[in-house]
Amino acid sequence: MWPTFIAVTLIDALILHVLPPIGEGVNFIPALLISTFGNLVLVGAAAPWLARRMWKRRPAAEPGAPPRAQREVLTDRIGTGLLLATIVGVTAAGLAARPLVVAETEAKERAAKKLYAYVQEQGSDELRRNLEASDMDKWFDGYFRACIPSDDRRSWTCYLIDVRRKQARIKQDPSGVRNPLR
């Protein structure tokens, strides 16, 4: 169990350093201390406790082995299993804490805000009434085409919105063809 303890502690520390479960990250030495302490608790407290619990429910012991040796082997096996489980747990915690990439959503939100502001300032009453019925289509990263229907829903006023720069830009598309349905 002890060679496994050393290897798993180093792996846990490396995973904590590369995939930290907290936003600021964990340097390698503190990660090594954290994983050493956590693994010592598992090997020194959790594994013997689980071994005693399992020992009470064991089937009849093998005839040639002394009971103390069997319990020692059981403790080592449980400790090794718990150590290996920490790799999965630390990896899962690190992956779960990774920030969600919402770049496309943020860009689309910026485009929608630009369209709303533009229509409120320069749009007709008809455009303002139908703004909530608009649809937006992404053409490529940071570039969108938004179309607002008329009152009769037969014609559309479309805008090209570029949010790739700090200052978003909008211009009316001369084509009155709506975005394709998806």
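Asp162, Arg164, Arg165 and Arg169 are linked in a network of salt bridges, a salt bridge being a side-chain nitrogen of Lys or Arg within 4 Å of a carboxyl oxygen of Asp or Glu. Asp162 is buried at 5% relative accessibility, whereas Arg169, at 45%, is partly exposed; buried means under 20% relative accessible area, exposed over 50%, and partly exposed in between, with a 1.4 Å probe and protein chains only. The model is a predicted one, in which local features need pLDDT of at least 70 and side-chain atom pairs count only at pLDDT 80 or more, while totals for chains, interfaces and linings use all residues. Residues are numbered from 1 along each chain as its sequence is written, and side-chain values use heavy atoms, with hydrogens and water left out.

In the whole structure, nine salt bridges are found. One of them joins the side chains of Asp135 and Arg178 at 3.9 Å, N to O. Because Asp135 lies in strand β1 and Arg178 in the segment after β4 (169-173), this pair ties together parts that are 43 residues apart in sequence, strands being DSSP runs (E, at least two residues) numbered from the N terminus. Asp135 is buried, with a relative accessible area of 19%, and Arg178 is partly exposed at 33%.

Strand β1 (residues 135-140) runs antiparallel to strand β2 (residues 143-149), and five bridges join them; two strands pair if DSSP finds at least two bridges between them. The two strands form a hairpin with two residues between them, and Gly142 in the turn has a positive phi of about 80°.

How values were computed
Helix = DSSP H or I, 4+ residues; strand = E, 2+ residues; numbered from the N terminus.
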